[in-house]
Amino acid sequence: DAFPVFTTPFNGWMAKATAQSDPAYSARQQYYWQAQSYSNLNSGRGVPGFILAICDPGLPAAPPAELARKFEGFGNILRTSWTDPKASYVAHRCGYYTHHYDPGDGNSILYHAKGVPLCVDFGHRGATGDEVRTMWRPDYHTTVAFDRPAPHTHWGMSGGPREMNASAQAVLSLPRTLDYSTGLSCGSGNQRHTRHLLLVKSDDQMGATYLVLRDSTKDGQPNQTFTWNVWVMAKEPEITGNVAHFPGLFGVDLDAHVLTPANPDFTKNAFTYKQWVNPWGFFEEEQTGVHVRKAGSKEDFFSVLYPRAPGQGPAEMTMIGGKGLLIKHMEGIDLVLFSPGIPAGATSGDMHVNGEISLVRRYTNGTIRLAMLKGNNDTVSCDGWALTTNAQAAVEIIGNTAVGESAGTGPHMVTFTLPEGHGIPEVTVNGTPFAVKVEANTWFTLNLPAGSHTFTIKLQ
């Protein structure tokens with residue numbers, strides 16, 4: 001718990017303390033300290049030699065290998081990169097320890113895209129005036145609020161009972177392709193909100209990387225209403241149909257597409273304040289937002305947050321069967337299936353997705369991506385290629401070469417169906433040649449141990 005820039009050299013201290021016993025851990029801690037510009041604030045109030053006694057700026061630094069991780073009690077972190085300044089980042093605050101100074105931030109997200117902040121919490125300090133509303137009211141966070149009639153306006157919010165919250169919190173990751181996060185928040189009127197969030201990635205940090213959200217609610221009492229909220233560091237949003245376009249303050253705009261409920265009725269909002277914030281002095285902040293309400297829980301809030309830089313046009317989105325989504329964007333076309341907990345399928349042309357969470361991406365240059373993040377021996381396919389798995393797997397196909405990744409908590413299999421007219425494939429797993437048997441001249445299976453793996457397939 002720290003005020004703005006009131007960081008400490010704790011990470012640098014840990015880096016030096018573990019440099020001999022655990023060099024890898026030490027390098028990560030040094031990387032975090034380095035990212036804070038080797039901060040020495042609150043570190044002994046200027047005692048000569050104190051920092052050099054407990055820290056060492058010369059130690060090796062290295063970023064973590066993981067791009068997505070669950071932190072029980074806090075929430076989930078998803079990233080596209082640790083080192084690229086144009087990276088995208090999501091903090092999904094869905095743990096049971098988010099209730100501090102009575103905030104309404106359960107199941108909220110913080111979102112940076114293409115290197116700039118878009119959706120963030122208000123940064124005031126002290127909250128002695130009207131700005132206190134931005135702390136405790138959930139409709140001032142990018143989350144779903146539990147509403148009730150005036151004069152109270154909002155039901156209280158929390159992460160719910162500890163065990164229930166912890167069991168609902170999860171992360172799935174294919175680091176190059178897709179990250180998934182889910183978490184729970186609860187209302188004092190016995191409501192439930194389960195947020196499912198999918199980070200769709202591009203190798204180009206300025207390319208088609210975006211968020212898909214499915215917010216499922218459960219009524220605690222009859223006739224309850226829920227409000228979907230998004231706040232952006234942007235100028236006044238422009239509403240066109242089911243899209244709220246936010247002109248970003250830092251060179252990246254955000255399009256908020258609300259797909260369900262159909263014909264959303266957007267309510268605009270804005271908030272600004274000027275306040276003394278140490279050490280910045282008088283600090284002024286402005287954010288704008290929109291709210292969409294629905295009655296009851298017959299349908300989810302299904303939305304996409306699509307960022308775009310100058311010169312990048314808007315995406316076109318079409319619902320397919322209520323669970324699938326066809327997205328035409330700056331790099332090509334995606335067919336996304338986002339149906340957590342409910343197996344489904346969707347088709348567009350020769351693009352097919354099945355399971356619960358899966359993706360086909362066809363780039364304009366002909367490159368194809370297939371990904372299965374959640375399913376039960378389900379299949380995704382395009383252009384004669386198909387991928388089936390009982391875990392998580394993805395592959396990118398360029399010409400006759402495919403490069404992929406898999407992950408599983410236990411032994412898992414990845415089966416590939418190959419296009420017609422191929423020769424015997426050359427396969428490597430984790431950089432080592434891997435013998436495969438092609439069945440019926442059509443398909444083969446990789447049987448892999450628990451953990452994460454990379455593989456390549458070259459057709460002859």
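**Aromatic rings and nonpolar cores in a predicted model**

Me: Which residues do ring pairs link into a cluster with Tyr31?

Reply: Ring pairs join Tyr31, Tyr32 and Trp82 into a cluster. Rings of Phe, Tyr and Trp (its six-membered ring) pair if their centres lie within 6.5 Å; planes under 30 degrees apart count as stacked, over 60 as edge-to-face and the rest as tilted. This is a predicted model, in which local features need pLDDT of at least 70 and side-chain atom pairs count only at pLDDT 80 or more, while totals for chains, interfaces and linings use all residues. Residues are numbered from 1 along each chain as its sequence is written, and side-chain values use heavy atoms, with hydrogens and water left out.

Me: What lies over the face of Trp82?

Reply: Arg79 does, at 4.0 Å from the ring centre. For a charge to sit over a ring, NZ of Lys or CZ of Arg must be within 6 Å of the ring centre and within 35 degrees of the ring normal. Arg214 lies over the face of Phe302, also at 4.0 Å from the ring centre.

Me: How many aromatic pairs are there by this rule?

Reply: The count comes to 13 aromatic pairs. In the pair Tyr140 and Phe271, the ring centres are 5.9 Å apart and the planes are at 85°, so this pair is edge-to-face.

Me: Where in the chain are Tyr140 and Phe271?

Reply: They are 131 residues apart, and the pair links distant parts of the chain. Tyr140 is in the loop between helix H4 (133-136) and strand S6 (144-147), and Phe271 is in strand S16 (residues 267-277). Helices (H or I, at least four residues) and strands (E, at least two) are DSSP runs, numbered from the N terminus.

Me: Are Tyr140 and Phe271 buried or exposed?

Reply: Both are buried. Buried means under 20% relative accessible area, exposed over 50%, and partly exposed in between (1.4 Å probe, protein chains only).

Me: New topic: how many residues has the largest nonpolar core?

Reply: It has 32 residues, and Tyr111, Leu211, Trp228, Val230, Phe246 and Leu305 have the most contacts inside it. Such a core is a set of buried Ala, Val, Leu, Ile, Met, Phe, Trp, Tyr and Cys residues joined through side-chain atoms within 4.5 Å.

Me: Which strand gives the largest share of this core?

Reply: Strand S12 (residues 225-232) does, with four residues.

Me: What does Leu305 touch?

Reply: Not counting residues up to four places away in sequence, its contacts (heavy atoms within 4.5 Å) include Ile109, Tyr111, Trp228 and Asp255.
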